[in-house]
Amino acid sequence: MVDTAAQPAFAAIKAKRRGLTEAWFAWVLILPALAFIGVIVAWPLLETIRLSFTDTGMTSGQWVGLDNYTAMLSSPKFLEIVGRTFLWMVLSVSLKLIIGLIGASLLSAAVPGRALFRMLVMPPWVIPIAIGCFGWLWLYNGQFGFLSGMAQRFGLLSGPFEFLAYKNSAFYSAIVTDVWVGTPLVSLFFLAAMQGVSRDLYEAAWVDGAGRWYRFRRITIPQIMPVIVSMALLSAIWTFNSFDIIWVLTQGGPRGGTTTMIIDTYKTAIGNFKFGEGSTRAVAIVVLLGLFSLLYLTLLNRVNKYYGVK
Amino acid sequence: MLMDRYNLLQKIGIYICIAMFLTFVLLPFVEMIRTSLSPMSHLFHAPYEIWTNEFSFQAYHDMWIKVPLLGRYIVNSMYIASMVTAITMILVIPAAYAYARLEFPFKSISLGAFLAVNMFAGAVLLIPLYRVMHTLGLLNTYWSMIIPGIAFLIPTGIWLLRGYLEKIPKELEEAAYVDGASRLYTLRRVVLPLATPGLIVVGVSVFIGAYAQQYLFAVTFNQIREYQPLAAGLFEFFGYQSVEWNQMMAAALTGILPVMVVFLALQKYLVAGLTAGAVKE
């Protein structure tokens, strides 16, 4: 602050002025947004928890206690879906972070055309996910799509291959699309963090004869670690909750091969009108994500302490 | 800088890697553009050929006939996104100001609560929301797609705008306040005009977000074709017999043109604004 001397005088004027106190004024400003979130997010969340203990369908249901939960947890199919969701999240987030880190390094390299390259990375983030997925749907087309066609031309495939028609290939294809959707934002954040790293550090290392790879490993990575760690958590949450991509590409099929928890919840509740059982699955998502975030934030604290960031 | 110099071999390596990275990012777009310009006879022809001598804009003409409501879908998308943006900004501006400038009890807890909303996808809350919409008679109206959209953009909006407001020098407000202006007057006449560039960036980010997120709410809460946004309306190109891929891609590209133009015009500011939190001051 420049005007430390003016500060007390100003505070005195503030105190003298009648009307709303600062705290009340602040709450008046926040209230509309808070009330909106309360009605559209907080209340439905509580209602989801209540519904998860009922057998609500199209008509209002009866209280069934923990029945939905025991049924859900004893269903091998549900446990398979949980496993698949975590596999989906871990694979997709790791790829996003690795490709994002490589992409950010490339985009920060001092070569002509840099500004243009940075701009060209953003379109997948700008357009609606569902519309980008229509593009991928066509790329994955077995008879006439680009990927199948090119693979045949180069002799990788002997005939047409429907990427979305088999359990495994559909799962990995959906991951590729998810990585495509998420990578631009991750790269962008890493790039911004890299530009925030002090030049002096690099110059000092360079004068001491450190090579590029060494500088990347020992300066860039530690310096941007807090951003890497927080982007990892954010992408994990988004990936876990990702709906549009799978719904447009496969609607959870074939034979459940791409059904993650969010798709399973949607199908149960909105597809089959089993609101009670669907709510139980929604609560499971919230609990798992909550536990995951808590675990992760503990780790984040450790990492930040280790790298000496407040 | 000498340190940043690359030799020829390194430069070539970097460009090859950038080319690979951009190929992955842009491949769907290039293929969408190619498809939109190709006649169906070329697309439904094996083996796959990239080039044809019959490239034309025919699909951009036919798509309006094949799906007569296409124009309506694009307008719907714009309308829903604009309404979401307008209402979100009205709610976000005062709240962001409070978090940027004022001291009050439960400040960090309530900000954390706002940000925690990011943890819930719309899909988790759909069940009770569906019932709320049903009770209020909002199912199958524009509002069923606007209202949930706002809720999920408020947290990001507050976060981004707060960052901007914090950068405006406090002295100007204090001067107005000392001169006897009320808090509300100061906010309206001093802070907001100064924050205009920030407001535009946050508004555009919210608009892009609102344009992007319509699909889930549209397929769940709305069954009336006349109200559908583009992402849901594109499904009409899936015919009973075959899919008119060239027209569908043409429609998709036409529909994303407005957001792309806005993005390209403002991309420099948007990128800086979005990542402000990632850079240490």
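**Entry 1: the two chains**

I looked up the contact between the chains first: 81 residues of chain A are in contact with 81 residues of chain B. Two residues are in contact if their C-beta atoms, placed from the backbone, lie within 7 Å. On the side of chain A that touches chain B, helix 2 (residues 22-51) gives the most, with 18 residues. I noted that this side divides into 61 nonpolar, 14 polar and six charged residues. Here Ala, Val, Leu, Ile, Met, Phe, Trp, Tyr, Cys and Pro count as nonpolar, Asp, Glu, Lys and Arg as charged, and the others, Gly among them, as polar.

I must keep in mind that this is a predicted model, in which local features need pLDDT of at least 70 and side-chain atom pairs count only at pLDDT 80 or more, while totals for chains, interfaces and linings use all residues. Residues are numbered from 1 along each chain as its sequence is written, and chains are lettered from A and ligands numbered from 1 in the order in which they are written.

**Entry 2: chain A as a whole**

I found 14 helices and zero strands in chain A. Helices (H or I, at least four residues) and strands (E, at least two) are DSSP runs, numbered from the N terminus. The radius of gyration of chain A is 25 Å, well over the 19 Å that the globule rule gives for 310 residues, so chain A is more spread out than a compact globule. That radius is taken over C-alpha atoms, and the rule is 2.2 Å times the number of residues to the power 0.38. The C-alpha trace spans about 70 × 60 × 35 Å along its principal axes.

I also looked up the domains, whose bounds come from an automatic or database domain assignment. Chain A has domain 1 (1-51) and domain 2 (67-306), with C-alpha centres 36 Å apart.

**Entry 3: the core**

I checked burial next. A residue is buried if 20 or more other C-beta atoms lie within 10 Å of its own, exposed if 12 or fewer, and partly exposed in between, with C-beta atoms placed from the backbone. Of the 310 residues of chain A, 41% count as buried.

The largest nonpolar core holds 159 residues, of which Phe190(A), Val92(B), Ala95(B), Ile154(B) and Ala252(B) touch the most other members. Its largest share, 16 residues, comes from helix 9 (residues 167-196) of chain A. Such a core is a set of buried Ala, Val, Leu, Ile, Met, Phe, Trp, Tyr and Cys residues joined through C-beta atoms within 7 Å.

I followed Ile154(B): beyond four places in sequence, the residues it touches include Ala33(A), Phe36(A) and Val92(B). Ile18(B), in helix 1 (residues 8-37) of chain B, is in contact with Leu106(A) and Phe117(A), leaving aside neighbours within four places in sequence. Ile18(B) counts as buried because it has 20 C-beta neighbours inside 10 Å.

**Entry 4: helix 6 of chain B**

Helix 6 (residues 122-136) of chain B bends by about 45 degrees at Pro128(B). The bend is the angle between axes fitted to the seven residues ending there and the seven starting there. Eleven of the 15 residues of this helix are buried, so it is largely enclosed by the rest of the structure; Pro128(B) is among them.

Just after the helix, Gly137(B) takes a positive phi of about 70 degrees. Asn140(B) has a positive phi of about 60 degrees although it is not a glycine. Asn140(B) lies in the loop between helix 6 and helix 7 (143-167) of chain B, and counts as partly exposed, with 16 C-beta neighbours inside 10 Å.
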